[in-house]
Structures are given as structure tokens and as C-alpha cells.
Amino acid sequence: MIRQLLLSEPDLRAADAQPAPSGAFVLLAEEFPSIAVSPPASASDANVLRLDAQAWRAPGFDPFDWDEHVFGTANACPEGQCLTLNLTGAPREVLASTALEILTRYQGLVSRRNAASEGPLFDAILARHRALHDMSKPLVVADYRHALDVWQWVLRLAPRADVALQTAALFHDVERLLSEPDARVEHHARDYQAFKDAHAARGADVACELLADVGMDKGTRERVRWLISRHERPESDVCLTLLNDADALSFFSLNASGFVRYFPLEHTRRKVAYTLGRLRPNQRWRLARIRLAPQVRRLLEEALGAVTLPTTIQESA
């Protein structure tokens with residue numbers, strides 16, 4: 001898990017080592033309160049991964065290219081030890097803005113929890129969820145990372161989210177482990193919405209059965225079932241709306257780079273428009289703080305009506 005972020009500013013003077021928090025630093029602290037931001041001398045252990053902010057900000061960069069390095073390094077940490085990210089190569093404020101984008105992509109490694117998800121019940125839920133995934137299969141690995149990412153997005157959007165919403169975030173795509181572990185088929189669907197609705201309904205039943213095994217009470221299980229069964233259609237229910245927002249944001253922040261590599265262009269175009277439609281307009285500002293692959297960015301701007309996304313610090317600096 002990621003617990004510490006080191007920012008190495010070029011030519012940092014001692015007098016400037018602890019400037020007052022501003023701009024991106026404030027947002028970084030709000031969005032990732034469990035991450036300690038420190039100067040390089042504060043490294044807590046040997047598990048330090050150095051990342052170049054200039055490489056992340058380079059024109060044409062695709063964050064997919066970093067995934068196996070970052071996830072692989074985190075997975076290689078000894079049990080009980082956490083990963084520290086050391087970001088270098090840019091002025092302090094740009095480092096913070098870039099760090100926010102990097103942590104957003106890899107927030108599944110942060111594993112933030114709240115009062116509702118602390119304790120043995122959620123430990124059992126996480127263990128059961130992890131055991132479902134055959135990590136020798138690349139598509140299953142992608143599903144697992146996406147599930148954790150949606151969970152983390154839920155906690156960013158709703159820090160007090162209850163256990164039902166957090167569990168629904170983890171299990172919302174569990175049906176894919178049965179229908180698409182080796183190859184995706186969604187691009188062959190004649191009626192895409194009907195395909196997604198059937199996926200949600202089947203997944204809701206599977207999740208409900210699995211959660212009975214870990215001791216979740218029936219009322220909470222039924223709430224999880226209801227959320228998953230409707231997670232492809234935004235409705236007025238607050239938790240369902242949050243689940244749709246989190247799922248949509250995770251597609252853009254984590255999945256889209258791999259999606260555009262796997263699927264035909266026309267299906268990716270349809271998926272981008274479909275997913276944007278699930279995201280509330282008041283949450284679209286977050287898209288400007290997500291590092292998108294160039295082709296995904298073009299398709300997203302097309303779906304927005306040829307309106308250029310706001311320029312991020314990492315592109316304008």
C-alpha cells in the first residue's frame with residue numbers, strides 16, 4: 001500500500017522547505033488524507049519508487065505505460081511494509097499537481113477506509129473479494145484493480161459512505177469474472193444498455209450469495225444487491241448516484257487507456273460517451289485532473305461536444 005509521498009523539488013532551498021500549503025497541496029490533502037507528504041529526507045523505509053514528473057507530463061504520454069512498474073513494485077513490497085513514492089523533476093506546485101494525478105491512477109494501492117469499513121467484517125469482505133480473482137489472467141487483474149479503484153473513488157466522493165455502498169463498489173462487476181475472464185464480449189452486443197443491465201442483474205445475485213458466506217446481515221446484503229443491480233443506470237437514490245459517479249470516474253482514471261488498446265475504436269467511442277452520460281455534470285471537473293491517454297482525451301472531448309477539457313497544470317507548465 002502507498003502511505004507516503006516524497007516531493008523532490010529541484011534546487012530546493014532550506015528556507016523554502018516547508019512553504020504554506022496552497023493550490024494543489026490543499027486538494028492533495030483533501031483528496032488523500034491518509035498520505036503523508038514529506039521532503040525526501042523523511043523516507044520511512046527502503047521501499048521507495050522514484051517517478052519522474054516530467055515523464056508523466058510529457059506530450060503523448062499514456063499512463064498505461066507505468067502501470068506494471070508501479071503495481072509490480074507495490075506488490076513486491078514485503079508483507080506489512082508500505083510503498084513510498086518519490087516524485088522528482090518539477091517545481092513544488094507542479095509536483096503536487098502531478099502527484100494528485102498519479103495517486104488518482106494508483107489509488108487502489110492506497111486502500112483508504114472509514115469507520116464503516118474498519119473491522120473484521122470488511123476484512124472478510126476484502127479477503128473474499130480478492131480470493132475470487134485469478135491473478136494469472138490479465139483481464140481478471142484489470143477487473144480487480146478497477147474494483148478497488150471504484151471503492152476508493154466512492155470514499156473520495158463520500159468519505160462517510162456506509163458499508164453497503166463500499167461493498168457494492170467492490171463487487172459491482174463480479175459477473176465479469178464468470179462471463180469475461182479470458183476475453184471481452186461487450187462490443188458484440190446488439191443492445192448495449194440491455195447487455196449492461198443483464199450484467200448488473202446477474203452480478204447482484206452473485207454478490208449477494210458471496211456476502212452471505214462472510215456473515216453480512218440480510219438487510220445490508222439486499223441493499224448491496226439493489227445497488228449492484230441498478231449500477232448501470234443513474235437514478236435519484238444518492239448512493240446509486242455515487243456508485244455511478246465512482247464507476248465512471250474509474251473508467252477514465254484507470255481503465256480507459258487499456259480499453260482503447262483492447263477494443264475497436266468505434267466501440268471505445270461508444271463506451272466513452274456512455275460512461276460520460278453516467279457521470280453527473282457537477283463531477284466532470286474531476287476529468288481535468290485525470291491524466292488521459294491522448295486518444296482517450298480526443299474521444300472524451302468529442303463526447304463533450306468538441307469542448308476542450310480544461311488545461312491541467314501538468315500540460316501547461
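These legends go with a handful of close-up views of the predicted model.

The model is predicted, so local features are taken at pLDDT of at least 70 and side-chain atom pairs at pLDDT 80 or more, while totals for chains, interfaces and linings use all residues. Residues are numbered from 1 along each chain as its sequence is written, and side-chain values use heavy atoms, with hydrogens and water left out.

**View A. An aromatic cluster built from Phe251, Phe252, Phe259, Tyr262 and Phe263.** Ring pairs link these five residues. Rings of Phe, Tyr and Trp (its six-membered ring) count as a pair if their centres lie within 6.5 Å; planes under 30 degrees apart are stacked, over 60 edge-to-face, and the rest tilted. Searching the whole structure with that rule turns up ten aromatic pairs. In one of them, the ring centres of tyrosine 262 and phenylalanine 263 are 4.9 Å apart with the planes at 70°, so this pair is edge-to-face. Tyrosine 262 is partly exposed at 41% relative accessible area, while phenylalanine 263 is buried at 7%. For those labels, buried means under 20% relative accessible area, exposed means over 50%, and partly exposed is in between (1.4 Å probe, protein chains only).

View B. Phenylalanine 251 sits in helix 11 and is buried, with 4% relative accessible area. Helices here are DSSP runs (H or I, at least four residues), as are strands (E, at least two), and both are numbered from the N terminus. Leaving out residues up to four places away in sequence, phenylalanine 251 touches Ala256, Phe259, Lys271, Val272 and Thr275, where a contact means heavy atoms within 4.5 Å. Take lysine 271: it is 20 residues from phenylalanine 251 in sequence, with 9.5 Å between their C-alpha atoms.

View C. A charge sits over a ring if NZ of Lys or CZ of Arg is within 6 Å of the ring centre and within 35 degrees of the ring normal. The charged end of arginine 145 is over the ring of phenylalanine 71, 3.9 Å from the centre. Arginine 130 puts its charged end over the ring of tyrosine 144, 5.4 Å from the centre.

**View D. Salt bridges across the chain.** A salt bridge is a side-chain nitrogen of Lys or Arg within 4 Å of a carboxyl oxygen of Asp or Glu, and the count comes to 24. Aspartate 182 pairs with lysine 137, with 3.3 Å between the closest N and O atoms. Aspartate 182 lies in the loop between helix 8 (176-179) and helix 9 (192-213), and lysine 137 in the loop between helix 5 (120-131) and helix 6 (138-157), so the bridge ties together parts 45 residues apart in sequence. Aspartate 182 is exposed at 54%, and lysine 137 is partly exposed at 27%. Arginine 176 bridges to aspartate 143, closest N and O atoms 3.1 Å apart.

View E. The closest N and O atoms of arginine 269 and glutamate 302 are 2.5 Å apart in their salt bridge. Arginine 269 is in helix 12 (residues 265-278) and glutamate 302 in helix 13 (residues 294-303), 33 residues apart. Arginine 269 is partly exposed at 23%, as is glutamate 302 at 41%. Elsewhere, salt bridges join Glu186, Lys196, Glu232, Asp247 and Arg278 into a network.

**View F. Helix 3 and its buried face.** The expected span of a helix is 1.5 Å times one less than its number of residues. Helix 3 (residues 64-76) has 13 residues and should span 18 Å, which agrees with the 19 Å between its end C-alpha atoms. Its buried residues are Trp66, Asp67, Val70, Phe71 and Ala74. Down the axis of helix 3 they fall within an arc of 120°, so they line one face; the arc is taken from the directions from the helix axis to the C-beta atoms. The face turned away from the buried side carries the exposed residues Glu68 and Ala76. Packing partners of the buried residues include strand 4 (83-88), helix 4 (92-105) and helix 11 (238-262).

**View G. Helix 4, mostly covered.** Twelve of the 14 residues of helix 4 are buried, among them Val94, Leu95, Glu101 and Arg105. Helix 4 reaches 20 Å from first C-alpha to last, close to the 20 Å expected.
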